[in-house]
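Here is a short report on a single chain.

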Amino acid sequence: MTAPFLSDANELHEKLVTIRRDLHAHPELGFQEIRTARVVAEELSTLGYEVVTGVGKTGVVGLLNGGQPGDQTVLLRFDMDALPIEEANDVPYRSQTPGVMHACGHDAHVAVGLGVANILAKHRASFPGTIKLMFQPAEEGLGGAIAMIDDGVLKEPDVDVALGLHVTSLLPLGKAVVRSGAMMAAADEATIVVHGRGGHAAHPEQATDAVLIGSHIVVALQTIISRNLHPEEVGVITVGSIQAGQANNVIAETATLRCSIRSFEQEIRELLHRRIREVAIGVAAAFGATADVDIHIGVDPTVNAPAPTAVIYEAAAEVLGTEHIDTTFRTTGGEDFSAILLRVPGNFFFLGGRNDARQLNFPHHNPHFDIDEACLSQGVAILCAAAVRCLNGELAKHQ
Ligand SMILES: [Zn+2]
Ligand SMILES: [Zn+2]
């Protein structure tokens with residue numbers, strides 16, 4: 001069976017590439033997506049969508065009613081923000097903004113979103129219900145999804161199911177990951193401040209050395225994953241920053257450690273938070289110091305619901321072939337689409353964009369990151385087919 005919408009999407013290929021490269025050349029940081037939002041809003045208006053701008057500061061919502069009777073609403077989400085990275089690629093569409101780069105592929109997501117917008121507008125007479133396109137600002141740690149939720153993106157009309165994707169250099173072009181359950185992790189942060197007693201480097205007996213105690217805490221924190229978690233459970237504690245002291249001949253009074261904490265299950269998440277506090281405070285006390293531990297709750301795990309996942313799987317299988325779809329992979333990366341999936345059932349899937357032969361294989365957030373644009377039309381076809389299936393009541397088939 002040929003995939004519905006694939007030929008439509010393939011016809012759009014050049015346009016998708018043009019949109020993506022234009023956005024790539026003009027990247028904007030979170031909550032500053034002014035130009036990007038304008039490009040999106042203009043295209044949606046031209047296509048006949050009802051457009052609302054300024055949702056969650058710089059977000060854009062596009063609404064389209066199908067021509068058949070139906071009351072379901074499908075939300076399709078595309079994030080728009082870039083990163084504070086200086087692009088190292090020498091390509092014609094290189095970032096024209098110093099120090100800002102689309103190094104996560106959100107430019108591709110916006111292009112896919114506008115491709116979906118084109119095709120669904122063209123076929124609107126054939127499907128029931130409502131399409132709600134959510135072009136989101138500030139995915140990269142700034143809370144863009146929550147900002148749009150607070151501004152009512154899930155209301156009027158109420159959203160029944162939410163779909164989203166991430167293009168990825170983790171997977172080769174032509175492959176996808178479509179899985180049920182927790183596919184991406186909760187990502188929290190801990191800041192530990194060790195309070196010792198400063199003094200002369202020559203007289204450690206008069207001081208309480210925050211550098212030494214902080215170092216013991218770094219090592220002890222690594223026992224939480226290896227000694228406190230069941231061997232089959234997954235968690236990550238990374239101490240990404242340690243700052244203390246100014247001079248070789250001064251014993252530091254304080255040391256500040258900053259950690260990233262990743263988990264899939266709420267129980268594990270709570271265990272990691274509790275043990276980080278216990279270890280930091282306990283180790284500091286053993287050396288005669290104190291530690292303040294501040295845990296900042298970040299994004300929740302990205303948890304896919306079974307029925308929308310089954311619909312995406314079918315759509316992806318028709319575009320890519322079942323042999324190219326992985327249903328088990330998950331990553332300790334975090335994603336703020338999780339905030340949507342906490343409130344409405346849905347699916348977030350990964351679409352391969354790596355091409356080793358063309359050296360399009362750098363990690364996300366790397367200054368050389370780029371993707372094979374052939375994945376754009378695949379993403380468009382999968383999302384169009386899945387959205388229309390949801391509107392046609394196919395979710396019930398998988399309940
Ligand atoms: Zn990213
Ligand atoms: Zn991303």
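## Contacts and overall form

Of the contacts in the chain between residues at least 6 apart in sequence, 81% join residues at least 24 apart. Contact means C-beta atoms, placed from the backbone, within 7 Å. Buried residues make up 48% of the 399 residues (buried: 20 or more other C-beta atoms within 10 Å of the residue's own).

This is a predicted model: local features need pLDDT of at least 70, side-chain atom pairs count only at pLDDT 80 or more, and totals for chains, interfaces and linings use all residues. Residues are numbered from 1 along each chain as its sequence is written, while chains are lettered from A and ligands numbered from 1 in the order written.

The C-alpha trace spans about 80 × 45 × 40 Å along its principal axes.

## Domains

The chain splits into domain 1 (6–182 + 302–398) and domain 2 (186–299). These bounds come from an automatic or database domain assignment. Their centres, taken over C-alpha atoms, are 38 Å apart.

## The open sheet

The chain has 10 helices and 16 strands. These are DSSP runs numbered from the N terminus: helices are H or I, at least four residues, and strands are E, at least two.

Eight strands form an open, mixed sheet in the order β1-β2-β4-β3-β5-β16-β6-β15. Strands pair if DSSP finds at least two bridges between them. β1 (50–55) and β15 (325–326) are the edge strands, each pairing on one side only. β1 runs antiparallel to β2 (residues 59–65) over 5 bridges. Valine 51 has glycine 62 of β2 as its bridge partner.

Note on methods:
A residue is buried if 20 or more other C-beta atoms lie within 10 Å of its own, exposed if 12 or fewer, and partly exposed in between; C-beta atoms are placed from the backbone. Two residues are in contact if their C-beta atoms, placed from the backbone, lie within 7 Å.
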